[in-house]
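Subject: Structure handover and findings

Hello,

Here is the structure for you to look over. My notes on it follow below.

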Amino acid sequence: MIALLIFSKATIHMNSNASTALNSSRLRTSYFFLALIVSLLALTAGAQGVTADTIVIGQSAALSGPAEALGKEMKLGGEAYFKVVNDAGGVSGRKIKMISLDDGYEPDRAKANTKKLIEEEKVLALFGYVGTPTSNAALPLFTEARYP
């Protein structure tokens, strides 16, 4: 099983153009490195989450609850970036499919979502987790599953 966990945090302050530009640049850099790593992993024959025409990426994020705005922005940002990649032909001809599950910024839900993404959805990579409590709850699962 080959997989990857990328924790990505982005805070966009609408009141400050400098802060927005800086965080936007960091977010673009995060997406670039994700695309690079996914591209390399996707070349591995028989990798979990990779078929002849699809690469499946999983996300557990706060799509509701106290960090809802950040979680939704992470999801929208990922979808927008993967659309650009897919519209350009995908990764080695494979389209990226992102499965997003709502954890409401609750550690127990993030843990359950991570288990589902790994065991049931069989994703190649975990992407765009929002926050320390939810990320820490998922840590034992991807460690035990031998996700780097």
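A residue counts as buried under 20% relative accessible area, as exposed over 50%, and as partly exposed in between. Ser92 has a relative accessible area of 47%, so Ser92 is partly exposed. Please bear in mind that this is a predicted model.

Overall layout
The protein has 4 helices and 4 strands. Along the sequence they follow the pattern β-α-β-α-β-α-β-α. The protein has 148 residues, and 45% of them are buried.

Backbone
Most residues other than glycine have a negative phi. Two residues are worth a look here. Ser92 is not a glycine, yet its phi is positive, about 50°. Ser92 sits in the loop between helix H2 (68-87) and strand E3 (95-102). Tyr105 is not a glycine either, and its phi is also positive, about 65°. The loop between E3 and helix H3 (107-120) holds Tyr105. Its relative accessibility is 29%, so Tyr105 counts as partly exposed.

Salt bridges
How many salt bridges are there? The count comes to 5. Here are some of them.

- Glu68 and Lys72 meet through their side chains at 2.6 Å, N to O. They are 4 residues apart in helix H2, so about one helical turn separates them. Glu68 is partly exposed at 30% relative accessible area. Lys72 is partly exposed too, at 38% relative accessibility.
- Lys75 and Glu79 form a salt bridge at 2.9 Å, N to O. Both lie in helix H2, 4 residues apart, about one turn of the helix. Lys75 has a relative accessible area of 24% and is therefore partly exposed. Glu79 has 34%, which also makes it partly exposed.
- Asp102 and Arg109 pair at 3.4 Å, N to O. Asp102 is partly exposed, with a relative accessible area of 26%. Arg109 is partly exposed as well, with 31%. Salt bridges with shared partners join Asp102, Glu106 and Arg109 into one network.

Aromatics
There are 2 aromatic pairs in the structure. One of them is Tyr81 with Phe82. Their ring centres are 6.1 Å apart, and the planes make an angle of 70°. Planes over 60 degrees apart count as edge-to-face, so this pair falls in that class. Phe82 is at 4%, so Phe82 counts as buried. Together with Phe127, Tyr81 and Phe82 form one aromatic cluster.

Surface charge
Which residues gather in a patch of negative charge on the surface? They are Glu119, Glu120, Glu121 and Glu144. Glu144 belongs to helix H4 (residues 132-144). Its relative accessibility is 68%, so Glu144 counts as exposed.

Where to look
When you open the model, start with the positive phi values at Ser92 and Tyr105. Then go to the network of Asp102, Glu106 and Arg109. Finish with the aromatic cluster of Tyr81, Phe82 and Phe127.

Best wishes

Note on methods
Residues are numbered from 1 along each chain as its sequence is written. This is a predicted model: local features need pLDDT of at least 70, side-chain atom pairs count only at pLDDT 80 or more; totals for chains, interfaces and linings use all residues. Side-chain values use heavy atoms; hydrogens and water are left out. Patches are made of residues with over 30% relative accessible area and no salt bridge: like charges are joined within 9 Å, nonpolar side chains (Val, Leu, Ile, Met, Phe, Trp, Tyr) within 5 Å. Accessible areas come from the Shrake-Rupley method with a 1.4 Å probe; for residues, only the protein chains shown count as cover. A salt bridge is a side-chain nitrogen of Lys or Arg within 4 Å of a carboxyl oxygen of Asp or Glu. Lys and Arg count as positive and Asp and Glu as negative; His and the chain ends are not counted. The place of a charge is taken as NZ of Lys, CZ of Arg, CG of Asp or CD of Glu. Helices (H or I, at least four residues) and strands (E, at least two) are DSSP runs, numbered from the N terminus. Buried means under 20% relative accessible area, exposed over 50%, partly exposed in between (1.4 Å probe, protein chains only). Rings of Phe, Tyr and Trp (its six-membered ring) pair if their centres lie within 6.5 Å; planes under 30 degrees apart count as stacked, over 60 as edge-to-face and the rest as tilted.
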